[in-house]
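Work through the exercises below with the model open. Each task is followed by its solution in steps.

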Amino acid sequence: MDKVIITAAITGSRMMRDVAPHIPITPEEIATSAVEAWQAGASIVHLHVRDPETGLGSQDLDLFRRVVEPLREKTDLILSLTTSGIPGRNLPTEERLAPLALKPELASFDAGSINLGGRVFANSPDFLDDAARMMREAGVKPEIEVFDLGMLVTAVRMRDEGKLDDPLHFQFVLGTPWGAPATPKSFLHLHEHLPADATWSTIGIGRGSLPMAMMALILDGHIRVGMEDNIYLDRGVPAKTNAELVERVVRICRAYGRDIATPAEARKILGF
Ligand code: ZN
């Protein structure tokens with residue numbers, strides 16, 4: 001089995017301090033939390049930035065730069081920058097893809113539309129074509145986020161049409177209230193449609209976090225944890241840092257007998 005690539009999703013775009021009292025908001029807080037997650041064993045960080053005034057997700061390039069630059073100085077992390085902004089706000093394509101200018105190794109690629117947080121998170125065929133082309137031009141590998149089977153089918157078709165390059169890298173997002181549930185059966189149904197040479201990682205939202213991590217652990221996949229997806233360490237006990245969530249899953253992986261990939265090892269596994 002490959003070593004496990006742990007991705008830490010540091011903050012997301014919408015959860016505020018009333019719900020998540022320890023969630024990083026400012027660029028400095030986000031960068032610090034990412035460094036801590038790296039020290040705990042994460043080799044990838046998935047990054048959103050927040051408008052420090054409102055706390056809401058933003059695609060402002062300067063805010064991204066204030067997170068990316070210190071991380072490149074202090075760590076060898078693989079950076080995965082979001083292209084969603086706030087799902088449901090549906091920013092113009094150029095704004096959503098603005099972070100590509102910083103040449104991250106990965107960027108999120110949401111391979112279809114879905115209801116999220118009371119709105120439609122729109123990822124039209126035209127948007128997906130544009131995003132795939134712009135990522136290829138920028139030398140950025142798409143991290144294909146899959147909320148249901150249609151998104152996986154879409155990505156594979158785009159690969160067949162020459163719009164996405166092998167090996168594809170998938171991030172399964174299970175347990176949103178509007179997409180595939182975070183159950184073993186639901187996950188296995190998605191898993192059996194993966195192309196043979198694809199790499200993949202799982203996210204379980206909220207209480208689905210550990211169950212989906214365990215599916216990845218036993219099926220030779222990779223794992224994403226972090227406050228974007230789940231803020232609890234235990235029932236009613238919020239994590240104080242992203243590092244705590246990384247540490248827990250690192251402990252479980254080691255106990256099971258799968259080592260944790262360094263960023264250099266993760267780059268090899270992902271085919272960079
Ligand atoms: Zn995200």
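**Exercise 1. Packing of helix 5**

Task: In this predicted model, find which elements the buried residues of helix 5 pack against.

Solution: 
- Step 1. The buried residues of helix 5 are Met151, Leu152, Thr154, Ala155, Val156 and Met158. Buried here means under 20% relative accessible area.
- Step 2. Among the strands they pack against are strand 6 (106-110), strand 7 (114-116), strand 9 (141-146) and strand 10 (169-174).
- Step 3. Helix 4 (125-138) and helix 6 (184-191) also pack against these buried residues.

**Exercise 2. Length and ends of helix 5**

Solution: 
- Step 4. Gly162 follows helix 5 and has a positive phi, near 80°.

**Exercise 3. Salt bridges**

Task: Find the salt-bridge partners of Arg157, Arg159 and Arg224, and classify the residues as buried or partly exposed.

Solution: 
- Step 1. Arg157 pairs with Glu161 at 3.7 Å, N to O. Arg157 has a relative accessible area of 44%, so it is partly exposed; Glu161, at 43%, is partly exposed.
- Step 2. Arg159 pairs with Asp166 at 3.0 Å, N to O. Arg159 is partly exposed at 22%, and Asp166 is partly exposed at 41%.
- Step 3. Arg224 pairs with Glu228, with the closest N and O atoms 3.4 Å apart. Arg224 is buried because its relative accessible area is 4%, whereas Glu228 is partly exposed at 21%.
- Step 4. Shared partners join Asp129, Arg157, Glu161 and Lys163 into one salt-bridge network.
- Step 5. The count of salt bridges in the model comes to 17.

**Exercise 4. Surroundings of Asp197**

Task: Locate Asp197 and list what it touches beyond four places in sequence.

Solution: 
- Step 1. Asp197 is in the loop between helix 6 and strand 11 (199-204).
- Step 2. Its relative accessible area is 40%, so Asp197 is partly exposed.
- Step 3. Leaving out residues up to four places away in sequence, Asp197 touches Asp166 and Pro167.
- Step 4. Asp197 and Pro167 are 30 residues apart along the chain, yet their C-alpha atoms are separated by 5.9 Å.

How values were computed. Residues numbered from 1 in each chain as written. Predicted model: local features only at pLDDT ≥ 70, side-chain atom pairs only at ≥ 80, totals over all residues. Heavy atoms only, no water. Buried < 20%, exposed > 50% of the residue type's maximum accessible area, 1.4 Å probe, protein only. Helix = DSSP H or I, 4+ residues; strand = E, 2+ residues; numbered from the N terminus. Contact = heavy atoms within 4.5 Å. Salt bridge = Lys/Arg side-chain N within 4 Å of Asp/Glu carboxyl O.
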